Amino acid sequence: MKAAVFLDRDGTMIEDVGYLDSLSRVAFYPWTADVIRALNGAGLAVVVVTNQAGVARGLFSEAFVNETHRYIDARLAAAGARVDAYYYCPHHPGGRVAPYTRCCECRKPGRGMIDKAASDLGLDPAQSFVVGDKWLDVQLGRAVGARAILVRTGMGAAEEMQPLDGVAADVVVDNLAAAASWIISRLKSEI
Ligand SMILES: [Mg+2]
Ligand SMILES: [Zn+2]
């Protein structure tokens with residue numbers, strides 16, 4: 001069973017622009033492709049886990065979410081970097097599009113996406129890392145027994161100022177590049 005880095009998308013890999021509803025609004029952080037290439041090189045699976053309630057809210061379609069991920073893949077491939085798989089939650093209990101407007105197991109901090117990824121790809125969450133810009137990403141990491149890293153990009157700096165009772169990250173760092181350095185140094189120290 002393999003270790004993975006479960007990456008949040010908006011505010012962690014790419015800028016959080018609110019509901020991302022156009023490819024022209026995809027803005028990579030300058031370090032993202034290099035970081036993902038380094039994680040690939042370290043032998044970690046890189047898996048994106050993202051809440052996309054905009055689908056339930058009728059702001060964009062699942063087809064658009066998939067198109068966005070193909071676009072991200074093409075941009076990463078040009079830099080020699082690879083995401084192994086994408087999982088997204090299109091649901092929200094307060095949505096307005098019928099099939100998606102419900103409670104679900106996959107909306108973070110629920111663990112559904114990681115459970116599915118672990119089973120699809122043979123990953124061991126206990127050896128893995130979750131990186132995100134919200135406490136719900138940290139909660140997800142805790143729920144699956146992974147190490148949890150909060151980044152200060154996106155909503156992260158604001159989240160850091162508003163601690164959530166009983167929820168602590170293993171580390172809080174400035175951005176995904178610092179998160180990857182922390183992860184890779186932990187792996188080395190464990191060998
Ligand atoms: Mg986020
Ligand atoms: Zn869901």
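Among the 31 residues of the largest nonpolar core in this predicted model, Met13, Leu76, Val131 and Ile149 touch the most other members. Such a core is a set of buried Ala, Val, Leu, Ile, Met, Phe, Trp, Tyr and Cys residues joined through side-chain atoms within 4.5 Å, with buried meaning under 20% relative accessible area (1.4 Å probe, protein chains only). Two or more residues each come from β1, α1, β2 (45-51), α2 (62-77), β4, β5 (147-151), β6 (171-173) and α6 (176-190); helices (H or I, at least four residues) and strands (E, at least two) are DSSP runs, numbered from the N terminus. The largest share, five residues, is down to α6. A second, separate core has 18 residues, including Phe6, Ala85, Val130 and Val144.

Now for the metals. The magnesium ion (ligand 1) picks up Asp8 (OD), Asp10 (O) and Asp133 (OD) as protein donors, 2.1 to 2.2 Å away. Donors here are N, O and S atoms within 2.8 Å of the metal (3.2 Å for Na, K and Ca); water is not among the atoms, so sites may look incomplete. Asp8 sits in the loop between β1 (4-7) and α1 (32-41) and Asp133 in the loop between β4 (129-132) and α4 (135-144), so the pair ties together parts 125 residues apart in sequence. Both Asp8 and Asp133 are buried.

The zinc ion (ligand 2) has Cys89 (SG), His91 (ND1), Cys104 (SG) and Cys106 (SG) as its protein donors, at 2.0 to 2.3 Å. Their spacing along the chain reads C-x1-H-x12-C-x1-C. The four donor atoms subtend angles of 103 to 118°, which makes the arrangement tetrahedral (all angles between 85 and 135 degrees for four donors).

Residues are numbered from 1 along each chain as its sequence is written, chains are lettered from A and ligands numbered from 1 in the order in which they are written. In this predicted model, local features need pLDDT of at least 70 and side-chain atom pairs count only at pLDDT 80 or more, while totals for chains, interfaces and linings use all residues; side-chain values use heavy atoms, with hydrogens and water left out.

How values were computed: Buried < 20%, exposed > 50% of the residue type's maximum accessible area, 1.4 Å probe, protein only. Tetrahedral: all angles 85-135°; square planar, octahedral: opposite > 155°, others 65-115°.
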